[in-house]
Amino acid sequence: MNLDSLAPAELARRLVAPGIHLQTGQFQICIQSPLPGLAANIGLLYADYPLAPADGFTDFHVRLGPPAGLRRWLRPQVIFEFDSALPFKPLPRDQALPMLEWGLNWCVSSYANLYLIIHAAVIEKNGFAAILPAPPGSGKSTLCAALINRGWRLLSDELTLVRPGDHKIVPLPRPVSLKNASIDVIKAYEPSAVFSRKVFDTVKGTIAHMKPPTDSVARANDVAQPAWVVFPKYEPGAATTLAPISQAHGFMRLADNTFNYSSLGRHGFDAVAGLMDACNCFDFTYSVIDEAIATFDALTPRPGLA
Amino acid sequence: MNWCLNAVPPLALRCWGDECVLYDVASGDTHLIQRFAAALLQRLEQSPADAATLARYLAADDDAVVLAALTTQIDDVLDDLASVELVHRSAA
């Protein structure tokens, strides 16, 4: 049974207490919140996610609510609680949805060290995954959002999880975070895409979240074989360029983009090396989305890659 | 003077074409090195050696001029590797 089986009033009631238990990829999360606006956004963006048993194991318990004191009412704020601790400073209350998404990403990147965790979007087509590592502002999420609206499956827009041993990519499909001008770009590119309302004046500028495709959520247990590592960069007016880079250089840049490379020690080294054994690596520059999509559609995996 | 490996064998080394990456377990650092340097480190894994010995190990023939040039090159490469504490010189 998915979240959209709950009527809005029931969803809001359960969010207050005892919380909503959702399966997001390999992680079961429990969200609690008395905030009506957040309830509406969760109902919109997480509609396709399976409800998980409340008495099952929960990976992350999070609660978003008003702080104590005057900031409950005066320029109201929201706080993020994780297992009853407060890892972040309060934010303006209208930033509750971005705070939830940032907080859940923090939970995974801080605690899911079973996996190699790369700061990268990752998408899949025909069983093969393209990893897109990039710093903020590179156009990674815009490119990811466009690709998943043109036949690619969303595995994650922020955290690429690499399984130890076989180095398969483990999906973590969640709402896609878009910033500033990219919001209207993707809305125009795919008018049928479902978006939360824009939230202004965040530390990253204006933020909106795009509901992930239903199929991506439904296939959250389908791992993928990594085949490409593509370092994207949006440059206005630039020609679409896909330039190969060596696996050794790809290794160093991928390790730089990996949250837990150092803490995993030799295991991290072996995991990134395993990715390089399987993947062709590229620098990718683009300015026209359709040309970018055509380039990705033309990617071929290494011969013999399972 | 012999060159000695600082890392504890076996080396965490992966190569693709002429380039390699090396994980130094002691420091947690990862280095991008050329295959030539990797070959020197793999030889030093067996036992310490001076540059002339390493040159004879790597050289395709015994030409004295070639060996002399190779010995100098080897010392230069190992000096670079010593600067990141992968190897050191020893009088023993």
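## Strand pairing around β13 of chain A

In this predicted model, strand β11 (residues 176–179) of chain A runs antiparallel to β13(A), and four bridges join the two. Within this pairing, A:Leu178 stands opposite A:Ala208 of β13(A).

β13(A) also pairs with strand β12 (residues 199–202) of chain A, again in the antiparallel sense, over two bridges. Here A:Gly205 of β13(A) is the bridge partner of A:Thr202. β12(A) and β13(A) form a hairpin, with two residues between them. Strand β13 of chain A covers residues 205–210, and five of its six residues are buried, so the strand is largely enclosed by the rest of the structure.

## Contact between chains A and B

The contact takes 14 residues from chain A and 12 residues from chain B. About 1,200 Å² is buried between the two chains, and carbon and sulfur atoms give 67% of that area. On the chain B side, B:Arg14, B:Trp16 and B:Tyr23 supply 49% of the area that chain B buries against chain A, more than any other three residues.

One salt bridge is counted between chain B and chain A. B:Arg14 forms a salt bridge with A:Asp277, and their closest N and O atoms are 2.1 Å apart.

Three strands of chain B, β2 (12–16), β3 (19–23) and β4 (30–34), each supply at least two residues of the side that touches chain A. The largest share, five residues, comes from β3(B). By class, the residues on this side of chain B divide into eight nonpolar, two polar and two charged.

## Backbone exceptions in chain A

Most residues other than glycine have a negative phi, and most peptide bonds are trans. The peptide bond joining A:Ala17 and A:Pro18 is cis, with omega about 5°. A:Pro18 is found in the loop between α1 (8–16) and β1 (20–24) of chain A.

A:Asn126 is not a glycine but has a positive phi of about 55°. This residue lies in the loop between β6 (116–125) and β7 (128–133) of chain A. A:Asn126 has a relative accessible area of 71%, so it is exposed.

A:Asp201 also has a positive phi, near 60°, in a residue other than glycine. A:Asp201 is placed in strand β12 of chain A, the strand that forms a hairpin with β13(A). Its relative accessibility is 69%, so A:Asp201 counts as exposed.

Terms used:
Residues numbered from 1 in each chain as written. Chains lettered and ligands numbered in written order. Predicted model: local features only at pLDDT ≥ 70, side-chain atom pairs only at ≥ 80, totals over all residues. Heavy atoms only, no water. Buried < 20%, exposed > 50% of the residue type's maximum accessible area, 1.4 Å probe, protein only. Pairing = 2+ DSSP bridges. Contact = heavy atoms within 4.5 Å. Buried area = accessible area lost by both parts, 1.4 Å probe. Salt bridge = Lys/Arg side-chain N within 4 Å of Asp/Glu carboxyl O. Nonpolar A, V, L, I, M, F, W, Y, C, P; charged D, E, K, R; others polar.
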